[in-house]
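Please look at the model below before reading on.

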Amino acid sequence: MSKQVKAIVIAGNGTNCERETAHAIRLAGAEVVDIVHISELLAGRVCLSDYHFLNLAGGFLDGDDLGSAKAGANRLLHAPVAGSGEHLSDHLRQFIADGKLIMGVCNGFQLMVKMGLLPDLDGELRQSATLTFNDNGRFEDRWVYLKADAESPCIFTRGLDGVYLPVRHGEGKLVAESEQVLADLESRHLSVLKYSTKDFSPTMEYPANPNGSLAAIAGLCDETGRLFGLMPHPEAYVHRTQHPRWTREDDLPEDGMGLWLYQNAVKFIREELL
Amino acid sequence: MAWRIEVGLKKGVRDARGERVRREIAEHLGIHLKEVRTIDVYTVDANLTAEQIEAAANGPFSDPVIQEVAINKPLAVDFDMLVEVGYRPGVTDNVGRTAGEALQYLTGRHLVADEGVYTSVQYLLKGQLDRDVTERIASGFLGNGLIQRWDIISAGEFDNSKGVPVSVPKVVSTAEPKVQQIDLAVADDELLRISRDGVLALNLEEMQELQRFAANPATAAERAKVGLGASLTDVELEALAQTWSEHCKHKIFAAKIDYDDGQGNSETIDSLFKTYIVGATRTIRKAMGDKDICLSVFKDNAGVIRFNNEWSLVFKVETHNSPSALDPYGGALTGIVGCNRDPFGTGMGARLMFNTDVFCFASPFYAHPLPPRLLHPRRIFEGVVEGVEHGGNKSGIPTVNGSIVFDDRFAGKPLVYCGTAALMPATLHGQPGHVKKALPGDRIVMTGGRIGKDGIHGATFSSEELHEGSPATAVQIGDPITQRRMFDFLLIARDLGLYRSITDNGAGGLSSSVGEMAEDTGGFEMHLDRAPLKYAGLQPWEILISEAQERMTLAVQPEKIAEFLDLARQMDVDATDLGEFTDSGYYHCLYAGKTVCYLPMDFIHEGVPQLKLKARWEDRGHQEPEIAQPLDMSATLHNLLARLNICSKESVVRRYDHEVQGATVLKPLVGVENDGPADAPMIRPLPDSFEGVVVAHGICPRYSDIDTYHMMACAIDEGLRNYVSVGGNIDHVAGLDNFCWCDPVQSDRTPDGEFKAAQLVRANKALYEYCVAFGVPLVSGKDSMKNDYQIGDTKISIPPTVLFSVIGKTEDIRKGVTMDIKRSGDLVYLLGMTFDELGASEYYDMLGHLGANVPKVDAVTALQRYRTLNRAQEQGLIASCHDLSDGGLAVALAEKAFAGGFGVHADLRKVKREEGMREDALLFSESQSRLLVTVRPAMQEAFESLFESQDISLLGEVTEDREVRIIGLQGEVLVRSTIDDLKEAWQSPLREM
């Protein structure tokens, strides 16, 4: 039993992509993938420590009413776990300290950034960047090309040059607290995915860069490479028929490019955490 | 005390929202401002310490990277005019609700009944502004006086030390609950006054029926036993009015109609609904025999058809027109989240799979003076689109299909159709998933939102009846998150077997949901005072009929009630036990232990007298225009592509998440640049199966101007040809009809009511005949019959409009076909015959004519064509397929070409056609049942042999040269244009919307 890769996808309060995320992780080879409503964690019936891979899926936590994922971050930071005297955030810190993996997609990425989990340059889980309104002030659904940084410590993007995925957000523009934060992100290769042209060169041009994100940043990791967040949706492209042009591009492989990120995670867990 | 927390952007941070507002003020109002900046304001009316407020302001309420906060002092600097817009008391404030919850997590205590958080937005405007212009901006764009209030302060008036005064929009009501008796033993005039003043919308005959009921000595004797007098209570009168309303009882569709066809034939139709709609489905199901796909039709909140052995498909389409006219954002948002509850509350409950939306608007560039109380179509467009965007995106339901129809008569009333499909387990706990039944003794449980004065009497209120301090009752704002939490909970409860029946609270609120569920058992006993309220001061009748959103009603077996309520509590969902279902035969409500409503079930549900209508068709003598053929056909094609009904709606489509849930395998935008107009989407709902769902629709109100019979036939055909175009199986498809009509009841206000009723009859006859001919059963539908605007001498009636939606199955999504041409050298075929049918076409409309030759549908050849196309798709013979609709052949060719990124050369002489047609008719006729396909040369033989003896025309081929070239009847080059120019003409009109 100990050889099983175990993943958890948190649901509830406006998380929307939990089912397709769980499907992607299963396809990638994880043996156990549980969709767990947050109330189960807060009631203490399910424990984070039983898993290797925490997934914060896309959606609109609390409607993004206080800014994307803000109210959700507040809940995770302050909500107590029944009967334990601890907060969910304590469990989360332990999970990170144990060297396990966290991946946040879209709203899950916003949540990680606003909780200070990413980019976490100083190891203190302090918020140093944010994701805010797209430059055009609108929600948009469109597919984007993403250049991966080959020198990044990110374990999810190992071996990838670039991927093609959909973005579906209104608040995806990354803004850093200071020039220094941006400089650190770049020099430490934490800005692992960048909005790009079709030939995978990073761009600030709309619509290839759909939101005006600083330095075209679409995804971040922490220095361990085990915490990773991105605005585009890898779980939305795990099969050929999810590609917007599969009816005209005959050479598309059966697996979608988004699946690669999950396969890397499962491989890493199998090699390093089991 | 109340605290004011202001949250603004730090210096140097781009205010994207402010920039968008500035842009839109220029577009909507023509007022050009130098700058708009925004500040979010939280007014916290709660007993908290300064430290707690500080923690909230710097915690959940703000983002430390880009925002700064100020408590009880203003942030505003450097502006000419300040406008702060907040909600009126009682209006749903979703952000305020979330902010209140955030405070609870932060402080560890719940806000108490009297406490609350209220939000407003401050706009700092710079530019040439006086108070009048600012008021115009506030009322014309930033706020809606029906639901919002605003303060305007000029830079000169602004006090830097105080800022905007604190205002707490709390509902203050001192009204004590009271039940009124209404004496109906009065003269007819007085009966009508009671109906009118009480917004009961009952006619004299119906009021007299109530009068007779109350006067019956047997009634009085029964009532005495429960302590009621002979007079009806206000609770009873309201319950009856709701149940008997046009909205709930569909009295026009149930009416007895004397129809005169204008040629000396007359007949009596006893219910359009039973005769034509139910009748069609009955005939078709009989013919289908053991291939019948219908599981539950007309009796539940949505229709249910078979998908496979494990799963069933649920589909419903609703309209939300009047609320969207008053408050486009709230109306449309409520429309979509309200429609979501229908499939969710069908059978034992179903997981929501996708939304569809179709809007009918006047031109956003409408430049005529608007009659009083109408919002500008541009504002309606923006508000409705945003409402559906928030409703769908936040709920995690992809919006996969839709369209926007423009006609300036929709200025009188926009049409907002919202559809939702869901996936239901075919069996659940050993029973069919689509079957449910409450039993006597089951508990009546309400879940989800709380009850306020929202939506009482629907949207019949006018703004003058609202005043400061009184809750806004006319319109509602949906709350997708509260609903999402409830749905998460109920799906778990369903799978645990914690309830026996479920339905939604929509029109009529508890009165309707509990009343209808109680038909299973034959009665109920409900305690209105137990219902959770948003604020104090609601009267018992208001609790009963409030249409407050996000609520479901369930029948929970008594042995499961504790477990049900416990699970709800854990998942943070309100659930309340309101009483029990009985077999008493009575619709019985109590308040504080006293009976306030006691009506026999059969009277309330079956007592409404049948409406009688007269319908008379007349030949309006339409003629074909005598016009010369345009000299420059390329320019004509460009102009057509730029027509509002034809041009790209990409800017709207992209605002809807059409891919969440990961199942949308054919997307609304297709082609080499992901921007071509798909005919229909395809969904793969089960990740372990390649079976798919296809949904499509047809809508063509312009044809009603000639004949509603053909309008209906064309809508059905359009829906089906979009459906088959992508690969939907023509033998596994169901239809839904949504009628939106102008008032067809003859009266002083509607002198042409008999004609409008005849239009309705003719549309229904076509509905019956074509559904039967195509073998497409109707499974659900809805009607909205009063889409007129009338104030003073101005009357605007919408064109009679039917949205015909179809949903069905494809065995293998990998056989799906998109509309974009794929490679040069492919052959271009037109399927179907072309007739001189320019009547009510986009082409004639562009030239200012109506014409007479409205397109007609030949269902027999069409069905054969669609079946053959399905076979060609299964065999992989079709490279691309696109239906022909508005703008005809020329528009479809252009769209296929620029979506695919290739040229097309086509020859009009090859088109199979009616004799004697001119080139403009060949190019732009809207003859039905036609499709344009491209086929690889290697597949030519197989393709042509499949279609042997059918009307197909090989028009030409796909070319590398990125040019659409159409050869005319004399062999001349009639149209020649690059696909880039054609695409630009098609994309530019609504690109910036």
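Helices (H or I, at least four residues) and strands (E, at least two) are DSSP runs, numbered from the N terminus. This is a predicted model, in which local features need pLDDT of at least 70, side-chain atom pairs count only at pLDDT 80 or more, and totals for chains, interfaces and linings use all residues. Residues are numbered from 1 along each chain as its sequence is written, chains are lettered from A and ligands numbered from 1 in the order in which they are written, and side-chain values use heavy atoms, with hydrogens and water left out.

Q759(B) belongs to helix α22 (residues 753–774) of chain B. With a relative accessible area of 7%, Q759(B) is buried (under 20% relative accessible area; exposed is over 50%, partly exposed in between; 1.4 Å probe, protein chains only). Leaving aside residues up to four places away in sequence, Q759(B) touches W617(B), S704(B), T708(B), W741(B) and P800(B), where contact means heavy atoms within 4.5 Å.

F902(B) sits in the loop between α25 (888–900) and β39 (903–907) of chain B. F902(B) also counts as buried, at 14% relative accessibility. Beyond residues up to four places away in sequence, the contacts of F902(B) include R248(A), I821(B) and I979(B).

Turn now to the helix pair. In α14(B), F489(B), L490(B), I492(B) and A493(B) meet F564(B), L567(B) and A568(B) of α17(B). The residues of this contact of α14(B) with α17(B) divide into seven nonpolar, no polar and no charged (Ala, Val, Leu, Ile, Met, Phe, Trp, Tyr, Cys and Pro count as nonpolar, Asp, Glu, Lys and Arg as charged, and the others, Gly among them, as polar).
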